[in-house]
Amino acid sequence: MNVKYFMFALLALMLTMACSGNKKSDANGAGGDSLATAKDSVQLYVEEEDKTDYSKFVEKPVRVDTTVGDWEIHARQFYNGRKFTEGNDIYADYAVKFNIFKARKPVFKNYKVDSKALAGSGYMDGFSLSLAEYFEITPTTVYVGFGYCEPETDNCVEYILALGGDGSVRKYEASLCSADGDMDGYVNDVYWFFSLYVNELSQASPNADAIKQVLNRYCTKAFAKQLQSQKLKNNLLLASPQFDYRWLRSLAVYSMDMQTKTCVVSYTKTDGTEVYRRLKMQLKPGHEYQYYIAGVMDADKSDVVGDEDEEETVEGFCSH
């Protein structure tokens, strides 16, 4: 099986993609009426006409329209002039435009994101930006997943964009693969958990309901309860006097020890200090490969040093 196809299928399964094509849906799968008709007939979002002929491109643009709680979200991929060819195929490196309202007030209006903005120094010609059709949405933030890939290959990077209700924008990087080369669903879940949990704790006024939602999504009930009252300062999970969300740029998730059902994560502080933590993992009821995070223990660098010759690495998704 083509590795790229397998990994996108795996990512789609993990994210349980809920929106497709032009269908209006609830990004958390709960189903809901459009906020545009909730209290009055004033339409919050009017889509701009797009006259681009998309039939010439191999991949067609994605659009998402969804309402969750007091959020109304509209995301559109669109052609902004960047294209490239592979053989006889023409690919568009689509940009994405967001129109997001909260409590019927605009938060992001025609906010544009493209591959150069997300990839930064990692931008490469011949790569294209894909938009995940499932968003993680909390009372404070809309979390959007992006893939940045070379077509017809497994050479990809994954990004998480956090669009805050206060108009703030933060970028995090995720991966489908461990730092030592294993592909497994729990790795991506750990990256997303750290990104969402730290982002919620980093709000000017952290929202207890939003934090609880993230914890319940990724952790066992007992561990979620244990972390619920934690702050960025002296956090049990993060093991730092005052964690800085920017340290997540160095986050690494290592392969699980299948005997102990634990995996090590690490990050590097601004002063160069490396911090290691060992996560206890617990299988989700009824699943063979999906895990909750069940606890945390101390760890150090010696816990991740192994024989690299024994690691089977898949280029692209597992390159760091």
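Biologist: Is Tyr 218 buried or exposed?

Modeller: The model is a predicted one, in which local features need pLDDT of at least 70 and side-chain atom pairs count only at pLDDT 80 or more, while totals for chains, interfaces and linings use all residues. Residues are numbered from 1 along each chain as its sequence is written, and side-chain values use heavy atoms, with hydrogens and water left out. Buried means under 20% relative accessible area, exposed over 50%, and partly exposed in between (1.4 Å probe, protein chains only). Tyr 218 has a relative accessible area of 5%, so this residue is buried.

Biologist: How many aromatic pairs does a search of the whole structure find?

Modeller: Rings of Phe, Tyr and Trp (its six-membered ring) pair if their centres lie within 6.5 Å; planes under 30 degrees apart count as stacked, over 60 as edge-to-face and the rest as tilted. The search finds 17 such pairs. In one of them, the ring centres of Phe 193 and Tyr 218 are 6.0 Å apart and the planes stand at 45°, so the pair is tilted. Helices (H or I, at least four residues) and strands (E, at least two) are DSSP runs, numbered from the N terminus. Phe 193 belongs to helix α3 (residues 185-201) and Tyr 218 to helix α4 (residues 208-218), so that the pair links distant parts of the chain, 25 residues apart. Phe 193 is buried because its relative accessibility is 0%.

Biologist: Why is strand β9 described as largely enclosed by the rest of the structure?

Modeller: Nine of the nine residues of β9 (residues 141-149) are buried, hence the description. In a regular strand the side chains alternate between the two faces of the sheet. Here, residues including Thr 141 and Tyr 143 point one way from β9, and others, among them Val 142 and Phe 146, point the other way.

Biologist: How many bridges pair β9 with strand β10?

Modeller: Two strands pair if DSSP finds at least two bridges between them. β9 and β10 (residues 156-164) pair in the antiparallel sense over nine bridges, and Gly 164 in β10 is the bridge partner of Thr 141.
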